[in-house]
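Q: Could you walk me through how to read a few features of a model like the one below? I would like the general idea each time, then the case at hand.

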Amino acid sequence: MGFFKKLFGGLKKTATAVANGISAIFTKTFDDEFYDDLATVLISADLGVAATERIIDDLKPVVKAEKIKTEADLKARLADSIADLLGDEELDLPDPSVLLVVGVNGVGKTTSIGKLAYRLKSDGRSVLLVAGDTFRAAATEQLTEWSACAQVRLVKQGAGADPASLVFDALTSAKAKGEQVTIIDTAGRLHNKTNLMAELQKIDRVVGKVAPDANYRKLLVIDATTGGNALSQVEYFNDAIGLDGIILTKLDGTAKGGIVVAIKQQFNLPVYYVGVGEQLDDLLPFDAPAFAKALVGLDA
Ligand SMILES: Nc1nc2c(ncn2[C@@H]2O[C@H](COP(=O)(O)OP(=O)(O)OP(=O)(O)O)[C@@H](O)[C@H]2O)c(=O)[nH]1
Ligand SMILES: [Mg+2]
């Protein structure tokens, strides 16, 4: 399946909600009432109040100047405004790169790492996976399966091992073997578990020490179906280790895909990848214009 088809398929629930919402309120007079209703539609899709206001302020003069009349044209201009807000940043992975993948329980960290490893390997990069979730034996098994599937090397230890020393060993090995991209999985953790957040900070310091010259990126995985709560997750993890970007999973399971826009507005953090399903190729690099179009229900 092509990239756009996958993205549109993944965003279907959000797109249907937004597109139907716009159809329901559409009038040819674009007055304050219309824009209030449009704001309600966007806020319902979790774009957030601040981003919604910014998008509508941006849209109004364009609608006027271009004498927009049709619903399709309105949606196209709306998509432009959303894309502008999102910006377009790719995750650049020069050699060597280290990715630390963090997030609360069950958001899709390990699955996304597996999919990303597969994608990078298919692009001809050498990838090392690090089973830094030593909390549960099943977590290491899960990553072992992904490493076999993506045909990449894995560094692991027994359950209960200290994740920071595992990361130390893994990065030392990555350096010796000249691995291009090292991806570190971590146990799911809630912000109120201070010992687990401290453990994450320790891992973070180890990476800084062992691989000071690497392109080191800290990525938070967020489950799109959690809605507004995702914003507080960004805040806590950002405070703890300083994030570089987001992987947003399970877009296929929600009508609230607009959370991407709220995150960008509030934290100025780029979304680098989106998860749109459970298959191997269901992790897509984020493409702001395509995403914005899909979000309002327009075809590519
Ligand atoms: N529909 C859908 N399911 C997903 C997506 N990404 C992950 N999942 C599913 O979410 C569930 C949890 O995924 P994991 O990768 O184990 O999550 P995790 O964050 O590593 O979980 P912990 O290690 O327990 O904290 C699995 O059933 C995945 O298949 C996605 O983009 N779409
Ligand atoms: Mg996991």
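A: Happy to, starting with residue classes: Ala, Val, Leu, Ile, Met, Phe, Trp, Tyr, Cys and Pro count as nonpolar, Asp, Glu, Lys and Arg as charged, and the others, Gly among them, as polar. This is a predicted model, where local features need pLDDT of at least 70, side-chain atom pairs count only at pLDDT 80 or more, and totals for chains, interfaces and linings use all residues. Residues are numbered from 1 along each chain as its sequence is written, while chains are lettered from A and ligands numbered from 1 in the order in which they are written.

Q: How do the residues of the shell around ligand 1 divide by class?

A: The shell has three nonpolar, eleven polar and six charged residues. A residue belongs there if its C-beta atom, placed from the backbone, lies within 6 Å of the ligand. Of the 20 residues, G108, T110, T111, G188 and G275 come nearest.

Q: Which helix gives the most to that shell?

A: Helix 6 (residues 109-122) does, with three residues. Helices here are DSSP runs (H or I, at least four residues), numbered from the N terminus.

Q: Is D57 buried or exposed?

A: Count the other C-beta atoms, placed from the backbone, within 10 Å of a residue's own: 20 or more is buried, 12 or fewer exposed, and in between partly exposed. D57 has 11, so D57 is exposed. Its place is in helix 4.

Q: How far apart are D57 and T186 in sequence and in space?

A: They are 129 residues apart in sequence and 41 Å apart in space, C-alpha to C-alpha.

Methods. Helix = DSSP H or I, 4+ residues; strand = E, 2+ residues; numbered from the N terminus.
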